[in-house]
Amino acid sequence: MKIIDLCPDDEKAIIQVAKLLVESFQQNWPDAWPSLDSALQEVKESFGADRISRVAVNDNGDILGWIGGISQYNGNVWELHPLVVREDSRRKGIGKALVFDLEAQVRERGGITLWVGTDDENNMTTLAGVNLYSNVWEHVTNIKNLHGHPYEFYQKCGFAIVGVMPDANGIGKPDIYLAKSVKF
């Protein structure tokens, strides 16, 4: 496996990435990219001047995963958006390798912080289905992963929960914010 830039003229890879987005998010986040057209739009937006777009590929050139980065705060902070790994390639270190590669890319561009938001729309954590406005940090401190929510993956990559947006996706459906320094 190697990690390379996703190029705007590589139509085959762009289609693979778009299909991967739709297929991978349909179970838990079906509104993220409900169609191939919406996914293609996301991929094409990743080629902007203030963006990073990287793919993990196997020896045959097949896409195993994709990660994107979006510059914010004059390049000091970058949002990790999105991250997706092919189902048959998960739990093999590809996601982690993509995250660490993105960190290196951000660091090379002078970035200081990398952050990610990860929604809980399906009661996958103990932050869902509760009123987070009362004692928000108590809820965050005592968070439990009930059904394979990705926040723990990001924590294993060195991210810390830095906040939540209660009801971001409807009543009791928060967005969990995680961040890490890329300078250390």
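Which pattern does the protein chain follow when read along the sequence? In this predicted model, the order of elements is β-α-α-β-β-β-α-β-α-α-β-β, and the secondary structure comes to 5 helices and 7 strands.

The overall dimensions can be judged against a simple rule: because a compact globule with 184 residues would have a radius of gyration near 16 Å, the 16 Å computed for the protein chain agrees with that expectation. Along the principal axes, the C-alpha atoms fill a box of roughly 50 × 35 × 30 Å. Among contacts with a separation of 6 or more, 58% are accounted for by residues 24 or more positions apart.

Further totals for the protein chain are collected here.

| Property of the protein chain | Value |
|---|---|
| Residues that count as buried | 43% of the 184 residues |
| Accessible surface | about 9600 Å² |
| Part of the accessible surface belonging to carbon and sulfur atoms | 49% |
| Distance between the mean positions of the 18 positive and 25 negative charges | 7 Å |

In general, an α-helix has 3.6 residues a turn, so residues three or four places apart point the same way. Just after α3, Gly110 takes a positive phi of about 85 degrees.

Notes: Residues numbered from 1 in each chain as written. Predicted model: local features only at pLDDT ≥ 70, side-chain atom pairs only at ≥ 80, totals over all residues. Heavy atoms only, no water. Helix = DSSP H or I, 4+ residues; strand = E, 2+ residues; numbered from the N terminus. Rg over C-alpha atoms; globule rule 2.2 N^0.38 Å. Buried < 20%, exposed > 50% of the residue type's maximum accessible area, 1.4 Å probe, protein only. Contact = heavy atoms within 4.5 Å. Areas by Shrake-Rupley, 256 points an atom, 1.4 Å probe, with all protein chains shown as cover. Lys, Arg positive; Asp, Glu negative; His and termini not counted. Charge placed at Lys NZ, Arg CZ, Asp CG, Glu CD.
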